Amino acid sequence: MSDGPLIVQSDRTVLLEVAHPDASDARHELATFAELERAPEHIHSYRITRLGLWNARAAGHTAAEMLATLDRYSKFPVPQAVALGIRETVERYGRLVISRDDEGQLVLGCTDRAVLTEVASAKKIAPLLVERIADDRYLIAPWARGELKQQLVKLGWPAEDLAGYTPGTPHEIRLETDDWSLRPYQQKAIDGFFTGGSGVVVLPCGAGKTLVGAGAMAEASTNTLILVTNTVSARQWRSELLRRTSLTEEEIGEYSGETKEIKPVTIATYQILTAKRRGEYAHLALLDALDWGLVVYDEVHLLPAPVFKLTAELQARRRLGLTATLVREDGREGDVFSLIGPKRFDAPWREIEAQGFISPAECFEVRVDLPYDDRLAYAAAGDDERYRLAATAPAKLDAVRDIISRHPGEQILVIAQYLDQIEKLSTGLGAPQLTGATPNAERERLFQAFRDGEERILVVSKVANFSVDLPEASVAIQVSGSFGSRQEEAQRLGRLLRPKNSGHTASFYSLVARDTVDQDFAQNRQRFLAEQGYAYTILDAAPLTA
Amino acid sequence: MDRQQDIRDLAAQLGALGTEAFSALLASRGLTDKSRIEDLFDLAEWLLDPAEVSSRLRRLGRPQLAAVLRLSSGTNAERDSSGTGAADSLPVEDDPSLIGLIVTGRDGLRLSAALEPELNSLDAASSIAAAAPDRCPLTDEEESVAVQRAVTTVGAMHEVLRAVGASPLRLTASGRVAASEVKRVAAAAAEEHDTVESLLHLAAIAGLTRQSTTRSVAPAGAAWLDSSLGTRWSVLADALARRGGGMFTELVSAGAGTPVREYGRWLTPLNGGNDPIPPDDLAAAEALGLAEDGRLTALGVALGTDPAVAVGAVLAAAPPTVEAVYLQQDLSVIAPGTLRADLDARLRQLSDVESRAEANSYRFTPESIERALLAGDRASDVLEFLERISLTGIPQSLRYLVEDQASRLDRIVVTPAPAGAGSVVTTDDERLAAQLAVDTELRLLELAHDGSRTVHSPYPAEFVHASLRDARHPARLAAAGSPEPPADASGTGRGDGPSPTAAPAPDRATVASQPFALLLSRLLAARPDTPGDFEQLWARRLLTTAVRERGTVRVRIRRSDGTEREAQLEPTGVSQERLRARDRENDTERTLPLSAIVEVTADV
């Protein structure tokens, strides 16, 4: 124990005093086994969770090392209950092991027979086991590897999966690093992933997750299936792979609503994979179309539930999850752990910002007073109409103009949720709009014009939330959003975080109608970013315009 | 000796008990105000009832049983096999567990008539010969866990009591705290449902709450909230230790590592293996660090042998007290330790508690700031206080929140209508009044706008105020014709809520909160003042008993000439200070003034 920067609490939270001289070292060690919950300016709070401890164990850290970290940096004695809990939890990981026997069959083994008997008799696990082949081993049904891992995590006995992977059909992929190189943290992420087998790499938006994917593909040099959120994102992956690797147009296929190409590297959307025809998944054949040696899941926190189910059957393939956050709005973090794999690398947002790899950003909540008539209309509206009325209040247009006038020469994204509002903003600002209805070719053209500086302002819908590379955007004005979605707010801020050649600091504005449900939703939306250390300055729209 | 003599002698013995001993006796026997006991004789009769005697004998502790056996045999032969030397020094006449089993008469101590047959039916002597269960000392780590849990429990109790103080708990028909209320407290205190139930149990044991039609914070509870950590813990631990007669003392003498349940069974050898310590009490002991993994801790032993050492151990495990906090842009507040009690109380007026552990965290919300402003704070007061306790200044978002809430505070004021029916909502703007009138969320209030800055509702002001606040309007409730809000308009500190400044000192012997408070006062009031009074009451008791049981009594009667005679009577009624009875010898019906009866003895 020392007069250190950590306060370890009996409720398994850990507080970190940011200004303490040892804070940086403590954070570095703590992050291996505790999940960052909030990172406001003075005190960051972490939580020691079962998944966090198992992630750390999977990465090779022992309970003794974790406790030594806490003892070394703790201001007060580490509560014994926490120490005991850490030891007990960590010891649970790896007691059960999934491996293959000499004949290549999947077996579940455990040196502790009592534990093996306990899990084998569990209602949801028994059907996944074929028979007990020895005191310390069960034969696993060939199709049940993923589901078994899922159920074992739920039961509190996560299995270490040493059953290995199919290598896939070899396909040479090299990184072409003549005019660029991987950043150190990207290389660490790739190494962490490969050492671990399968798992998730957590990097903030703008930190170059695509390059981590490309690096992993080069390392594996095998047929690769990349699953992404939408077609625009698919095109960006394709473009990035063509630029950064030895892959050529002929080697990369797109499997989406528009094109159905299957090539050694195939980029497919979640949507197409989960599309159903007559109650059946219509494109399941893709998963077995080639002998994939690597499956990359982009934005893994958005992985739709059906893809989890399909992923359960892909356990023999090496899997890489990429995400900016493990927080899922549906709380299925346990499924990510068991089916994609443990977290293999995590770099806090602020840490990469401090290294200069992503741009610092300021966040503002701008409160807009509704004119009297709008207030009356809002008051008289039913619950189901109120959010839309507040979110699309015409008074916001003036505030948008005023904000734009405060950022001369900067490239600005104006983001809204509703098409009619986007139309009005586009007309009112004299700027092009880009929505889901915009043809892909036109989207690409507009994005390129924005990148080239020909267009200074783009009015966009949620199509620009994810995987759109607009490095010179330094201002985002969020006029309306998807109710209280935290991850949407984070993604939108992420559009601004690429380091700017212009040297501009990023500014993120969120416009809310005062005293309406818009304000309530905004509070929820801001939670994730506030917890990540992005402080919102609150402004009144009226003085802003003055 | 016969039963009536036992009742007489026991009643005399009870009459000599002090209030505290009396209180302990009633508590140990589970008697309540609902018990049909009017005077000392009723109580003595109840204590000597064969069923009660049998039950008490079976639950008797080992030293007490040894004393009984010694008295039964007239020797000290059982002392050595009892496993405890305490039996010798046991003040048997005062031990509440022995009252009714042993009676103090003119000739000294004796077994009660009801006890003898029970004792004969049990092989008490061999039951008492069993060896005590082995101690299994706790590791240092386990001892630390226990002490740290004690600190956590005190913190959790603090939150639970505050939640009870904010709004007393509703009870079910059977007198239990309603499940929905436990849920409410659990949410307010950020504790698990089971933990809250356990803490409410402990609070009742310690007299921190009182129960009538609701469960609320007792004055001792309010004082507890205002006391230091050491006092808080010792109040709870002492109260628990006093439960179960001398069980805790016996455990302490057995030493740390003693398995509590097993030792409890061993201590009550005639109890058929039943646990003399209720599971809730054992859970409370673990929560307070007195037991760990079912075994007595060093902290438990220290409580029994040197309470100052025990308190010192608890304080050493607690985080230090701090006087400054971190205020953050996300409106959270972190105190990197336990915030000094007065600062904590002040901060709670302005914010909501998020968690209490080694550090405390709070969060400002529009509602919490508004609550403070409605209670009379000004924005400048709030900011001045925050400036004073902040390690890092006041973040922009917090300053904005305070000033914004203050600027909106008096925009809407709700008052009862002058005519006494409904309420008036006054706004600072005609258009705001018009907006309220059309607000669909307020449709139920039937607000009528008269074109001015006011709207009217047929509903009571409190209801209208609450509805406006639910609809996010910054409404303030004020008395009719008064620009100032009523003192309790904030909704805090109402009812039985704790009032730290006005709280009296803790009074561990407070009996007002006990379930037998009325019974105790009834019995104390019925105590005879003089031996003469006692004899008169006893005589009346024998006569009324004979009436009820259609028995006979022998009475000595003083004649008008001063001489006395004896008669065998069959009483048929006692009223208006006269006895009506049949004289068996003369076969006549007689009526006698009670004052003429010198002595009554029950016919054997």
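How many salt bridges does the rule find across the interface of chain B and chain A? The rule finds seven there, where a salt bridge is a side-chain nitrogen of Lys or Arg within 4 Å of a carboxyl oxygen of Asp or Glu.

A word on the model before the details. This is a predicted model, in which local features need pLDDT of at least 70 and side-chain atom pairs count only at pLDDT 80 or more, while totals for chains, interfaces and linings use all residues. Residues are numbered from 1 along each chain as its sequence is written, chains are lettered from A and ligands numbered from 1 in the order in which they are written, and side-chain values use heavy atoms, with hydrogens and water left out.

**Where the two chains meet**

The contact (heavy atoms within 4.5 Å) takes 38 residues from chain B and 42 residues from chain A. Together the chains bury about 3,300 Å², 50% of it on carbon and sulfur atoms; buried area here is the accessible area (1.4 Å probe) that two parts lose on being put together, summed over both. In chain B, the residues that lose the most area to chain A are Glu358(B), Tyr400(B) and Arg472(B), together 18% of what that side buries.

Between chain B and chain A, 22 residue pairs are in polar contact, with both residues at pLDDT 80 or more. A polar contact is a pair of N or O atoms within 3.5 Å; within protein, one must be able to donate a hydrogen and the other to accept it, and residues adjacent in sequence count only if both atoms are side-chain atoms. Elements of chain B that give two or more residues to the side touching chain A include α9 (140–166), α22 (396–408) and α23 (430–438). Helices (H or I, at least four residues) and strands (E, at least two) are DSSP runs, numbered from the N terminus.

**Salt bridges, one by one**

A search of the whole structure finds 75 salt bridges over all chains. Here are some of them.

| Pair | N to O distance |
|---|---|
| Arg386(A) and Asp439(B) | 2.7 Å |
| Arg38(A) and Glu354(B) | 3.2 Å |
| Glu45(B) and Arg541(B) | 2.1 Å |
| Arg261(B) and Asp275(B) | 2.8 Å |

Take Arg38(A) and Glu354(B), whose side chains meet in a salt bridge. Arg38(A) lies in strand β3 of chain A and Glu354(B) in strand β12 of chain B, so the pair joins two chains. Arg38(A) is partly exposed at 22% relative accessible area, and Glu354(B) is partly exposed at 28%; buried means under 20%, exposed over 50%, and partly exposed in between (1.4 Å probe, protein chains only).

Within chain B, Glu45(B) forms a salt bridge with Arg541(B). Glu45(B) sits in helix α3 and Arg541(B) in helix α26, so the pair ties together parts that are 496 residues apart in sequence. Glu45(B) is partly exposed at 21% relative accessibility, whereas Arg541(B) is buried at 9%.

**A sheet in chain B**

Chain B also holds an open sheet of five strands in the order β16-β17-β15-β14-β18, with mixed pairing. Two strands pair if DSSP finds at least two bridges between them. The edge strands, β16 (448–449) and β18 (475–477), each pair on one side only. Strands β14 (residues 412–416) and β15 (residues 423–427) of chain B run antiparallel and are joined by five bridges. Ile412(B) has Thr427(B) in β15(B) as its bridge partner.
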